[in-house]
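Trainee: Before I rely on this model, I would like to go through the terms used to describe it. Could we set each one against its definition?

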Amino acid sequence: MLFNSIDFALFYILVTVLYFAFPYKFRWVILLAASCYFYMAFVPIYILILGFTIVIDYFAGIYIERAQDPRRRKLLLMASLFANIGILAVFKYFNFINLNIDYLFTKFNYHNPIPYLSILLPIGLSFHTFQAMSYTIEVYRGNQKAEKHFGIYSLYVMFYPQLVAGPIERPQNILYQMHTKYPFNYNLMVSGLKMMLWGFFKKLVIADRLSIYVSSVYNNPDLHNGSTIVIASLFFAVQIYCDFSGYTDIAIGCAKTMGFDLMKNFNRPYFATNIQDFWRRWHISLSTWFRDYLYIPLGGSKVSTGRRYLNLFIIFLVSGIWHGANYTYIVWGALHGFYSVVYVIIKPYLRKTPENEFYATLMRMGNIALTITFVTFAWIFFRANSVADAFTLISNLKSFGAAPFFGDGISNFAHSLLAIAILFAVEYKMEYMPQKFNFYTSHNIVVRWGSVAVTVFLILILGVFNGGQFIYFQF
């Protein structure tokens, strides 16, 4: 069930009404049943996979907390992690690994006896796995008490607004909220609905419209010159941001209408002034997950210089692998690892920000443009259908010519530029003038509700209603 569907609109209204209509003690039942139905709308049988890991992690948490012997505690943690990573490895990476074995065997004229699995990747499995792992790790570290209520624990990893594409929550932030009684709050309801509206604008007006041009270029890499490839790559940088952050806005807004506070996942990443800054603003819940559960356990920055560089590179390489079983994602992760290591090396030698405001602004704009250039170049590998296609696109960058229009011609192109202009105008205001022009929260009722009406109008006249799936659902 996609957020951008009539089915979800009806589902959301029904669940929210039932949530507030039922007594507090039954609300977790309403939300858990709704979350199971939401997940089963994709592939019903895969609910059993989530159920298996829920049972494993629920009991692992309790027994880890009870265990006094450090070796027994570690053994229980390892069992939980093995179950979660094992399922992810089978469904997401088995055929990819087997394909590589097949390739090696063929090189040496051997037959690969391992058969391929005819399975689909359960939607959102990577997000579910990481959130489940964060629970047992935090219980093991003593930062979180084991949840004794099986239904509440199940809801922690099944909460439908963030079930299939995050934000990847920590138990310290969300588990206690599952026990909290939230009365109906008009201000939270309105605030959450406005957040959802802005998320729908990003998804329907920007991401799905830009995807028309992007797909035309990236699905035919041999036919395009540098002009179209540059435009399509910049469009994809905006598309994936609006697709994922739009989903996140809808998820956070949806939870907020019921009183829940999910963690922030994006903070205007294309205003980042360097690659470190970019990763502090992009997919924050995943970046901090890798920091807390991989980078720091590897030694973080409290190791030798060379080991620190290696640790940095490893987390971005693993991040690439997390995104998908394809070399395009691995190269994308490796590129960001390379960027990050180079930035750490050159950082002490970079010029400090000038005191003169004009030159400081120029320097900031230059740094933003440079960061967007490197990030967009890496997106080429992320979006390309194969590494070979990515190199074809990069090779064709040097052949410039007229940039043809695609989709419905100049109309689609013009609407795309208009949508991007609106996005960056809004984000520029939020980044540099957060106290000014707050139309959605204005004290003037005409301005407040007029801005909502304009957003709805723009969605209706500029939105693309083709049922486009969210990009991050596949992860």
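Trainee: Which residues in α6 are buried?

Mentor: They are G151, I152, Y153, S154, L155, Y156, V157 and M158, where buried means under 20% relative accessible area, exposed means over 50%, and partly exposed is what lies in between, with a 1.4 Å probe and protein chains only. Please keep in mind that this is a predicted model, in which local features need pLDDT of at least 70 and side-chain atom pairs count only at pLDDT 80 or more, whereas totals for chains, interfaces and linings use all residues. Residues are numbered from 1 along each chain as its sequence is written, and side-chain values use heavy atoms, with hydrogens and water left out.

Trainee: What makes helix α6 mostly covered?

Mentor: Of the 9 residues in α6 (150–158), 8 are buried, and these pack against α2 (27–40), α3 (47–66), α5 (125–141) and α7 (171–179). The names follow DSSP: helices are runs of H or I with at least four residues, strands are runs of E with at least two, and both are numbered from the N terminus.

Trainee: Why is L32 called buried?

Mentor: L32, a residue of helix α2, has a relative accessible area of 16%, and therefore counts as buried. Leaving out residues up to four places away in sequence, L32 touches G151, S154, L155 and M158, contact meaning heavy atoms within 4.5 Å. L32 and F130, by comparison, are 98 residues apart in sequence and 19 Å apart in space, C-alpha to C-alpha.

Trainee: What joins the side chains of S80 and T136?

Mentor: A polar contact of 3.4 Å joins them; the term covers a pair of N or O atoms within 3.5 Å, and within protein one atom must be able to donate a hydrogen and the other to accept it, while residues adjacent in sequence count only if both atoms are side-chain atoms. S80 is located in helix α4 (70–107) and has a relative accessibility of 1%, so S80 is classed as buried. Beyond its neighbours within four places in sequence, S80 is in contact with I56, D57, A60 and T136.

Trainee: How many residues does the largest nonpolar core have?

Mentor: This core has 130 residues, and F8, W282, W379 and Y472 are those with the most contacts inside it; a nonpolar core is a set of buried Ala, Val, Leu, Ile, Met, Phe, Trp, Tyr and Cys residues joined through side-chain atoms within 4.5 Å. The largest share of the core, 16 residues, is supplied by helix α9 (226–257). At least three residues come from each of domain 1 (6–181) and domain 2 (187–473), whose bounds come from an automatic or database domain assignment. For F8, the contacts other than neighbours within four places in sequence are M1, L2, F3, F38, Y160, M196 and C254.

Trainee: How far apart do the C-alpha centres of domain 1 and domain 2 lie?

Mentor: The two centres are 26 Å apart, and the contact takes 37 residues from domain 1 and 37 residues from domain 2.

Trainee: Why is α8 described as largely enclosed by the rest of the structure?

Mentor: The description holds because 24 of its 33 residues are buried. Helix α8 (186–218) reaches 45 Å from its first C-alpha to its last, close to the 48 Å expected at 1.5 Å a residue, the expected span being 1.5 Å times one less than the number of residues. A kink of about 30 degrees is centred on I212, the bend at a residue being the angle between axes fitted to the seven residues ending there and the seven starting there. At the N-terminal end, N185 caps α8, with a side-chain oxygen 2.9 Å from the backbone nitrogen of N187.

Trainee: What is the phi of R268?

Mentor: Phi of R268 is near 50 degrees, which is positive in a residue other than glycine. Most residues other than glycine have a negative phi. R268 lies in the loop between α9 and α10, and its 15% relative accessibility counts as buried. H283, in the loop between α10 and α11 (284–295), also is not a glycine and has a positive phi of about 40 degrees; its relative accessible area is 1%, so H283 is buried.

Trainee: Why is P269 called buried?

Mentor: P269 has a relative accessible area of 1%, and therefore the term applies. P269 sits in the loop between α9 and α10 (275–281), touching Y241, F278, R281 and W282 once residues up to four places away in sequence are set aside.
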